[in-house]
Amino acid sequence: MTIRNIRLPVSEETIRELRIGDELKLTGTIVTARDMAHKYLVECDAEEMRPFLKDGMVYHCGPIVKKQADGWSFVAAGPTTSKREEPYEAKVMQKYGVRGVIGKGGMGKTTLEACKRIGAVYLHAIGGLAVLLAQSVKRVSGVYKLDEFGAPEAMWIIEVEDFPVVVTMDSTGQSLHETVLNNSTDMARKLAESL
């Protein structure tokens, strides 16, 4: 399978070409956002975040960061479980024009519907590779709400190069997570019936 290189920000047209199972390498700006950041983005008019989120990507990540003389660096940048952002994600995507969400474990029907409606995707980053993924973070260009939220929950603006992800929810309404769950459920039922 060919790995597709995607430069961020990305157009709706490019996103709508992607399908579940597509392997990508992302290059450009992404924004980390977990629980507190999502709540903030929904409840407030975070104008300062719009330039980074419009046609961009949100990464569910609570990084381990290191302060250096010339700024910050990422020591570990593994994905966190995305499902807990389900109450917020569709609203964030719609409000700020987000084209992709990166995390692990997939998301629910509300987020999938938002992907279809606005032209967006959910991208799975591999858990357990936090240090390796951090090597794709070439620069930290800013951080918002660090004092209020703390390092794991702050919104880090990072420049990535060849950040590896797989499309697991696409803009046609397909979800690899749902497919795997349905297939596993069918297999378990058949096994139970054969006993």
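**Exercise 1. The nonpolar cores**

How many residues does the largest nonpolar core have, and which of them have the most contacts inside it?

Solution. 
- Note the source: this is a predicted model.
- Count the members. The largest nonpolar core has 29 residues.
- Leu 26, Met 57, Phe 74, Ile 102, Leu 123 and Phe 163 have the most.
- Trace the origin of the members. At least two residues each come from S2, strand S3 (57-59), strand S7 (121-124), helix H6 (130-134), strand S8 (137-144) and strand S9 (155-169).
- Find the main supplier. S9 gives the largest share, six residues.
- Nonpolar side chains tend to be buried together in soluble globular proteins.

**Exercise 2. Phe 74 and Val 65**

Find the contacts of Phe 74, then those of Val 65, leaving aside neighbours within four places in sequence.

Solution. 
- Start with Phe 74. Its contacts are Thr 32, Pro 63, Ile 64, Val 65, Ala 134, Val 137, Val 140, Trp 156 and Ile 158.
- List its contacts. Val 65 touches Trp 72, Ser 73, Phe 74, Val 75, Ala 151 and Trp 156.
- Check one distance. Val 65 and Ala 76 are eleven residues apart in sequence, and their C-alpha atoms are 7.1 Å apart.

**Exercise 3. Arg 34**

Decide whether Arg 34 is buried or exposed, and identify the side chain with which its own makes a polar contact.

Solution. 
- Locate the residue. Arg 34 sits in the loop between strand S2 (23-32) and helix H2 (35-43).
- Apply the cut-off. Buried means under 20% relative accessible area. Arg 34 has 16% relative accessibility, so it counts as buried.
- Find the polar partner. The Arg 34 side chain makes a polar contact with that of Glu 153, at 3.1 Å.
- Widen the view. Beyond four places in sequence, Arg 34 is in contact with Cys 61, Gly 62, Thr 80, Arg 84, Glu 85, Pro 152 and Glu 153.

**Exercise 4. H2 against H4**

Describe how H2 and helix H4 (residues 86-96) cross.

Solution. 
- Two packed helices are described by the angle and the distance between their axes.
- Read both values. The axes come within 9 Å and cross at roughly 50°.
- Classify the angle. H2 is therefore oblique to H4.
- Assign the hand. The crossing of H2 and H4 is left-handed.
- Name the residues that meet. H2 brings His 38, Lys 39, Leu 41 and Val 42. H4 brings Tyr 88, Glu 89, Lys 91, Val 92, Lys 95 and Tyr 96.

Terms used: Residues are numbered from 1 along each chain as its sequence is written. This is a predicted model: local features need pLDDT of at least 70, side-chain atom pairs count only at pLDDT 80 or more; totals for chains, interfaces and linings use all residues. Side-chain values use heavy atoms; hydrogens and water are left out. Contact means heavy atoms within 4.5 Å. Helices (H or I, at least four residues) and strands (E, at least two) are DSSP runs, numbered from the N terminus. Buried means under 20% relative accessible area, exposed over 50%, partly exposed in between (1.4 Å probe, protein chains only). A polar contact is a pair of N or O atoms within 3.5 Å; within protein, one must be able to donate a hydrogen and the other to accept it, and residues adjacent in sequence count only if both atoms are side-chain atoms. A nonpolar core is a set of buried Ala, Val, Leu, Ile, Met, Phe, Trp, Tyr and Cys residues joined through side-chain atoms within 4.5 Å. Axes are lines fitted to C-alpha atoms, for helices over the stretch in contact, and angles run from 0 to 180 degrees between N-to-C directions. Angles under 35 degrees count as roughly parallel, over 145 as roughly antiparallel, 65 to 115 as roughly perpendicular and the rest as oblique. A crossing is left-handed if the near helix is turned anticlockwise from the far one by less than a right angle, and right-handed if clockwise.
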